[in-house]
Structures are given as C-alpha cells and as structure tokens.
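Here is a short note for someone opening this entry for the first time. Please keep the sequence and the 3D view at hand while reading.

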Amino acid sequence: HHNPSAFGIRAAMATDASEHQELWNRLLEFQFDKPGAAFTFEKRLAQENGWSENFAARAVVEYKRFAFLCMHEAPATPSFQVDQVWHLHLTFTHNYWDEFCCKVLPRPLHHNPTMGGPQEHDKFWKQYTRTLEAYRRHFGPPPSDLWPAPSVRFGHDTRFRWVSPDDYWLIPKPAGWDSLVKLAAGAFAHVESALNTGATLSGQSIATLGLFGFAPFACVVAAQAESGDGTEHYPHTAFLSSVPGPAFLCLYVVAMVISYFASKLFSRTCSVVMTRRSHGSDNSEDELQSFSAYELAYLQGGKEAVLDTCIFRLLSQGQLVAHGKQLVANKFSLQTVPHGASPLDTAVLLACQQPSRPFDIMKSNNVKTSINEIQAGLLERGALHSAAETRYVALAATVPPLLVLLCLGLPRVLASNYKHIGYLVLLMAVTLIMAACIYCNASSVTRRSAIQVEQAQSRDYRKGADLDADTMAFAVLGAGVFLGAGIAGQQFEPLLNAGRHQQVRADGSGGTDGGGCDGGGCGGGGCGGCGGCGG
C-alpha cells in the first residue's frame with residue numbers, strides 16, 4: 001500500500017511552490033462520500049470494474065495525482081484505469097462540480113474524449129507520454145498496473161467492454177496467451193512431423209508436449225499472483241471469480257464429463273496416427289485380416305480371454321473334464337495329442353495333468369509361452385501397438401482430465417477465499433483417479449483391429465452349430481454372454497466361476513495391458529487394471 005501524503009511532500013519539494021503543496025493537501029483531504037455511506041465511492045468503483053477494493057483505492061489516489069497534473073502540466077491524458085475513476089466521479093455531479101472543481105481545484109476540470117481518427121490518436125499518445133514524464137518529475141516512477149506504457153494504454157486498454165456477470169462467466173485470459181498458442185502449434189508440428197516420418201519420439205518431443213500441457217496452468221497461476229513490485233494485476237484476477245461456488249462445482253462436473261469423452265477421442269486419434277506411422281494405413285475399409293479364435297479372444301480381452309477360449313474348446317471336445325471349479329485332462333488326451341491341436345491346446349492339457357483351476361493353469365510356463373507367441377504374431381501383423389506406442393496413447397488420453405484439474409480446479413483452490421472448496425477438492429481427487437484409470441486401462445489394440453472385433457461381435461452365432469463356430473463365438477462374446485443360456489449344464493462351471501471375460505467390450509478397450517501402470521512390462525497383453533501384469 002502507498003502513502004499518498006508522502007508523495008505529496010515529494011511533489012512540493014520537486015516544484016518548490018507553496019501553491020502546489022496547498023493544492024495537493026486539499027486533494028488528499030477531499031472525500032468522495034458523505035459520512036456514514038455504506039456503499040462508498042471506492043466500493044462502487046471496484047464493483048463496476050471488477051477490481052479488488054485495494055486496487056480501487058489505489059486508483060483513486062492516482063486520480064487525485066492526475067488532477068494535480070492537470071492543474072500544472074496541462075494538457076494531460078489519464079490512463080485507462082484513472083479514466084474509469086474520472087468517469088464515475090463525473091456521475092456525482094454535485095460532488096464533482098460544486099465541491100471538487102470549485103473548492104479543491106483552482107479551475108474546472110473538463111473531460112474531452114477523442115473525436116477519433118489518426119490525428120486524434122497521435123495527439124493523445126503524445127499527451128499521455130508527456131503526462132507520464134510529468135508524473136515522474138512530481139511523484140516518481142508511476143505504477144505500471146495503473147499507468148501502463150502508451151502501447152498498452154492505446155492498445156489493450158481500448159478494448160474494454162462492460163458485461164453483466166449474471167449473463168456471462170468472466171474468465172481471465174492468461175498472460176502470454178499468444179506465446180502459448182505459438183508454443184502449442186510448434187509442439188504439435190514437431191510431434192506430427194516425427195510421427196509422419198517414422199522417427200522415434202524423443203525425450204525432447206515429450207518435454208515439449210509436457211511444457212504445453214503445463215503452460216496453461218502456469219499462466220493462470222501467474223495471473224493470480226502479485227507482481228514483483230507489490231502491485232496487483234489488472235483486472236480482478238481470481239479465476240472465474242464471478243461464478244458462485246455451487247455454479248462453479250456444476251461447471252467443473254460438466255468439464256469432467258466432457259474431458260472423459262475428449263480422452264476417448266484423443267486416444268482414438270492417437271491410435272490411428274500410431275497405426276499410420278507403423279503400418280502406412282489406418283483405413284478401416286482396407287481388406288479385413290483373418291484372425292483365429294484365439295487371436296480374436298486376445299484382442300477382445302487379453303491373455304485371460306485366450307486361456308478361457310482354449311479351455312472352452314477343450315471342454316467342448318471332451319479333452320478336459322470339469323470337477324467342480326477345477327479342470328483335469330482326459331487320460332486319453334494325455335496319451336495322444338488331438339489332431340489339429342494348437343501349441344496352446346497342448347500346453348493347457350499338460351498343465352491339467354492334475355486338477356487345476358484356470359488361475360493355476362495361467363502360471364504354467366508352457367501356457368505363458370504359447371500365449372506370448374499369439375501376442376507376438378498380432379504385434380507383427382499390426383493388430384496391436386507396441387508397449388511404447390501404447391504409452392503414448394495412454395498419455396494422450398489423460399491430457400483432457402489433467403487440463404481440467406490443473407487449469408480449472410487448482411487455480412480456484414489456490415484462491416482459497418471461496419466456499420465449497422472442500423467439495424471442489426473432492427471432485428479434483430475424483431478427476432485424478434479418473435485420469436489414472438484412463439492411463440492404466442489404455443488399450444494396445446489398434447483402431448482397425450477394434451473395428452474388426454466389433455464386426456465379429458455383430459455376427460449371428462448359433463450355439464451348438466459346430467465346434468469352430470462355437471469357439472469363435474465364445475472368443476468374441478465371452479463366457480457371460482455365450483454361456484448365459486446355461487448350455488451343457490455344469491460342464492463349463494470353471495469358466496463361469498473364473499470371473500473373467502464376462503462382458504462384451506466392443507469399443508476396443510478390452511483388458512489389454514502394455515502401456516498403463518505397469519509401464520509396458522507385458523508388451524501389449526492383458527492387464528485388468530493398475531495391478532500390473534496378470535501372468
């Protein structure tokens with residue numbers, strides 16, 4: 001806070017004229033309000049302009065200094081902020097003309113707006129420059145937030161508009177917004193160039209994207225802080241300060257919902273770009289690839305789905321026998337490998353020499369090896385993203401909710417003078433959990449392959465038609481759907497009790513690991529969430 005009287009003494013010393021000191025003393029003592037006024041001049045000024053009361057009080061002091069300059073350094077031109085004080089004072093006609101101009105100032109002070117045009121612009125530019133010079137002579141360096149440079153005074157400040165907070169939400173544009181837009185354009189151009197040319201995304205690319213994601217948050221927080229010289233930023237900087245607490249919470253919830261669907265769009269777009277980069281095409285109209293039942297099961301539900309499909313096939317053939325929740329290989333199957341059996345079929349039969357549950361079967365090294373071979377084949381054919389590509393897809397999907405968290409929720413919390421902050425903090429925690437779940441459950445299945453799984457699910461499957469058709473139906477529909485009618489009685493009880501692959505996941509977001517929480521340790525297989533790789 002400034003001490004106006006101290007500047008008045010300095011002004012008198014600088015001019016060495018008693019009449020100057022007397023004028024300044026009268027200006028300091030002048031009151032805009034009658035005693036006992038509840039809605040003071042400064043409060044009205046702050047409300048009409050969206051300023052803090054401290055900023056309005058400082059603007060009033062600068063208005064008195066401007067009036068002083070007008071009497072001794074005429075003609076003078078006010079800053080936009082000082083001009084707002086002058087405009088409001090003019091509406092108090094009795095106070096302005098009868099008290100201020102007649103009793104405080106030595107002569108009337110008239111307000112003469114510009115008539116427009118280049119000549120008027122140049123005239124007031126020069127007058128404003130001379131006013132700043134006179135200010136320095138009398139009062140020292142002018143505060144930059146109340147007396148900005150001429151380029152700001154006749155540029156940014158001329159675009160002021162009055163709006164009603166009942167009709168509009170006032171969202172301050174972050175400082176340096178134009179630079180931020182250029183930074184964003186450069187970041188996307190850099191990454192797009194790397195993707196289209198097949199180059200590896202370097203640490204520099206990731207850092208550029210990270211800077212772009214953090215920049216809006218940094219700008220908003222910086223806009224709320226005070227500048228180094230102790231002056232406030234103009235205008236009133238509390239983020240979305242015009243929005244009441246309950247309305248802000250509703251706005252935040254809407255932003256969360258929008259960010260969820262935006263994350264789906266980001267993930268899908270990034271998946272298409274990755275496919276184009278790795279395989280030269282992402283057109284879903286290309287000739288469809290031919291997937292086996294086990295491959296479709298992997299695309300649909302990951303490693304566990306492959307094992308469940310294999311168990312279903314072997315149960316249907318009679319190669320496996322169910323004993324409650326456990327499975328055991330038919331003794332004849334152990335002696336002679338069935339004709340046309342895949343390496344996975346053989347590995348499962350060997351793992352079931354003793355009664356075993358599906359969970360125990362997955363621990364077999366031979367079973368793991370056979371499923372990993374299926375995964376490797378899908379990677380080679382371009383049906384799956386690599387672990388690194390899946391991480392990029394996961395990161396792209398988490399951008400929208402994190403931007404909501406950093407650019408909408410956190411600045412409001414940092415203001416810390418609003419009600420309902422506890423509810424907002426809770427919503428922010430939910431947003432963070434949502435972002436973590438989106439990251440951990442990012443799919444390694446390419447968009448083109450996901451479309452083929454959807455097409456496979458839309459076919460009309462008839463249970464019991466033949467073994468291959470039933471196996472294909474089980475692979476894409478899962479135990480909960482395909483076995484829901486209760487065919488074959490207790491034969492498939494181990495599968496129904498396994499608790500896996502129970503629902504259709506046609507959006508390509510099945511339980512495939514490879515990019516989320518485990519950092520790609522599975523290389524693209526089937527993780528059910530944040531708990532790492534399942535086997």
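Predicted model: local features only at pLDDT ≥ 70, side-chain atom pairs only at ≥ 80, totals over all residues.

1. Helix H7 covers residues 118-139, which makes 22 residues. From its first C-alpha to its last it reaches 31 Å, close to the 32 Å expected at 1.5 Å a residue.

2. Which residues of H7 are buried? The list comprises Glu-120, Phe-124, Gln-127, Tyr-128, Thr-131, Leu-132, Ala-134, Tyr-135, His-138 and Phe-139. These residues lie on the same side of H7, because the arc they cover around the axis is only 170 degrees.

3. Pro-118, Gln-119 and Lys-126 are exposed, and they sit on the face of H7 turned away from its buried side.

4. The remaining points turn to Thr-431, a residue of helix H19, which spans residues 421-440. Is Thr-431 buried or exposed? Its relative accessibility is 1%, so Thr-431 counts as buried; the cut-off for buried is under 20%.

5. What does Thr-431 touch, apart from its neighbours within four places in sequence? Thr-431 is in contact with Tyr-252, Met-256, Pro-401 and Leu-405. With Tyr-252 there is also a polar contact between the two side chains, at 2.9 Å.

6. Leu-402 is 29 residues away from Thr-431 along the chain, and the C-alpha atoms of Leu-402 and Thr-431 are separated by 7.6 Å.

Conventions: Residues numbered from 1 in each chain as written. Heavy atoms only, no water. Helix = DSSP H or I, 4+ residues; strand = E, 2+ residues; numbered from the N terminus. Buried < 20%, exposed > 50% of the residue type's maximum accessible area, 1.4 Å probe, protein only. Contact = heavy atoms within 4.5 Å. Polar contact = N/O pair within 3.5 Å; in protein donor to acceptor, adjacent residues only side chain to side chain. Expected span 1.5 Å × (residues − 1). Arc of directions from axis to C-beta.
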